[in-house]
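Me: Please put up the sequence and the model, and then take some questions on the fold and on one residue.

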Number of protein chains: 2
Amino acid sequence: MVPSLAELHPNPGWAASNHPITDTVGKHCILELYHCRADRLDDEAFLRSSITQAVQEAGATLLQLISHRFNPQGVTALALLAESHLSIHTWPESGYAAVDVFTCGDHTMPEQACQRLIADLQAGDHRLGSFRRQTPEALSEQDRHPR
Amino acid sequence: MVPSLAELHPNPGWAASNHPITDTVGKHCILELYHCRADRLDDEAFLRSSITQAVQEAGATLLQLISHRFNPQGVTALALLAESHLSIHTWPESGYAAVDVFTCGDHTMPEQACQRLIADLQAGDHRLGSFRRQTPEALSEQDRHPR
């Protein structure tokens with residue numbers, strides 16, 4: 001049976017615990033994009049399309065996508081995912097975009113989303129880093145043994 | 001004259017540069033909240049209200065706010081700001097919430113937003129860290145001398 005969108009929360013229904021900290025569930029990727037194509041950084045529709053594709057390639061599920069184009073230039077777009085979120089903020093006049101991708105669970109590949117954005121925006125240079133969110137251990141255990 | 005929302009991009013209209021890297025513009029706060037009140041973590045309306053207040057106390061401008069409640073529990077909310085974004089992802093069953101606040105420009109106080117969320121969710125424990133986004137130098141210069 002295909003789950004409803006509301007059922008796609010990556011870690012539903014854990015039991016209570018004493019919340020020791022682990023670092024194995026939430027992954028937060030930070031991507032800086034330089035020397036991008038300025039026209040694409042300023043193209044809200046293009047960015048929405050690229051994000052949609054990036055989320056799909058990451059194996060994630062897009063629930064909502066919002067965006068805002070600034071005056072005279074620049075776009076922010078935020079994607080609400082079943083697995084957390086993706087954001088992009090662009091400065092076309094500097095060829096720069098700031099991206100973050102936060103995903104929970106082990107079925108997503110946030111780096112794939114990053115690679116899609118690097119390619120679509122034709123970034124001449126980039127820096128990609130990531131860190132683990134310090135989620136309670138109960139989340140980690142449930143993630144390894146999902147219902 | 002009051003600027004339109006579309007004019008609130010923090011760094012409009014920079015000239016081109018050779019994009020040396022600086023670290024003085026974009027600040028990204030990462031907040032882990034533990035032992036929060038479960039009922040509030042699962043209350044989408046409460047979270048939207050708290051975020052709205054948090055953004056205001058940070059001196060930022062809220063442009064759009066979206067949220068999604070998962071089944072059986074958990075909420076994600078994303079706030080699109082003139083100065084970048086705020087996100088929260090909650091796991092009521094573990095008393096845990098993952099927050100990030102990314103702000104550009106020197107007029108915002110993202111830590112204030114974090115403090116509002118810590119208080120509103122009555123977090124028994126938390127970890128707050130931050131790092132600088134590696135934005136091009138041109139953004140930094142313009143931020144110090146805004147139009």
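Me: How many bridges join strand 1 of chain A to strand 5 of chain A?

Reply: This is a predicted model, in which local features need pLDDT of at least 70, side-chain atom pairs count only at pLDDT 80 or more, and totals for chains, interfaces and linings use all residues. Residues are numbered from 1 along each chain as its sequence is written, chains are lettered from A and ligands numbered from 1 in the order written, and side-chain values use heavy atoms, with hydrogens and water left out. Strands are DSSP runs of E of at least two residues, helices runs of H or I of at least four, numbered from the N terminus, and two strands pair if DSSP finds at least two bridges between them. Strand 1 (residues 27-34) and strand 5 run antiparallel in chain A, and the bridges joining them number seven.

Me: Which residue of strand 5 of chain A is the bridge partner of K27(A)?

Reply: Strand 5 of chain A covers residues 96-103. The bridge partner of K27(A) there is T103(A).

Me: Which strands of chain A stand at the edges of the sheet, and why is one side of each left without a neighbour?

Reply: The sheet of chain A is open, with six antiparallel-paired strands in the order 2-3-4-5-1-6. Each edge strand has a single partner strand, so one side of it has no neighbour in the sheet; these are strand 2 (62-69) and strand 6 (125-132) of chain A.

Me: At about what angle does helix 2 of chain A run to strand 2 of chain A?

Reply: Angles run from 0 to 180 degrees between N-to-C directions, with axes fitted to C-alpha atoms, for helices over the stretch in contact. Helix 2 (residues 44-57) of chain A lies across strand 2, strand 3 (75-81) and strand 4 (84-91) of chain A, and its angle to strand 2 is about 155°.

Me: What is the nearest side chain of opposite charge to D100(A), and how far away is it?

Reply: D100(A) is buried (under 20% relative accessible area, against over 50% for exposed and partly exposed in between, with a 1.4 Å probe and protein chains only). D100(A) has no salt bridge, a term for a side-chain nitrogen of Lys or Arg within 4 Å of a carboxyl oxygen of Asp or Glu. Lys and Arg count as positive, Asp and Glu as negative, and His and the chain ends are not counted. The nearest side chain of opposite charge is R133(B), at 5.5 Å.

Me: Which side chain makes a polar contact of 2.3 Å with the side chain of D100(A)?

Reply: A polar contact is a pair of N or O atoms within 3.5 Å; within protein, one must be able to donate a hydrogen and the other to accept it, and residues adjacent in sequence count only if both atoms are side-chain atoms. One such contact, of 2.7 Å, joins the side chains of D100(A) and H28(A). The contact of 2.3 Å is with S87(A).

Conventions:
Contact means heavy atoms within 4.5 Å.
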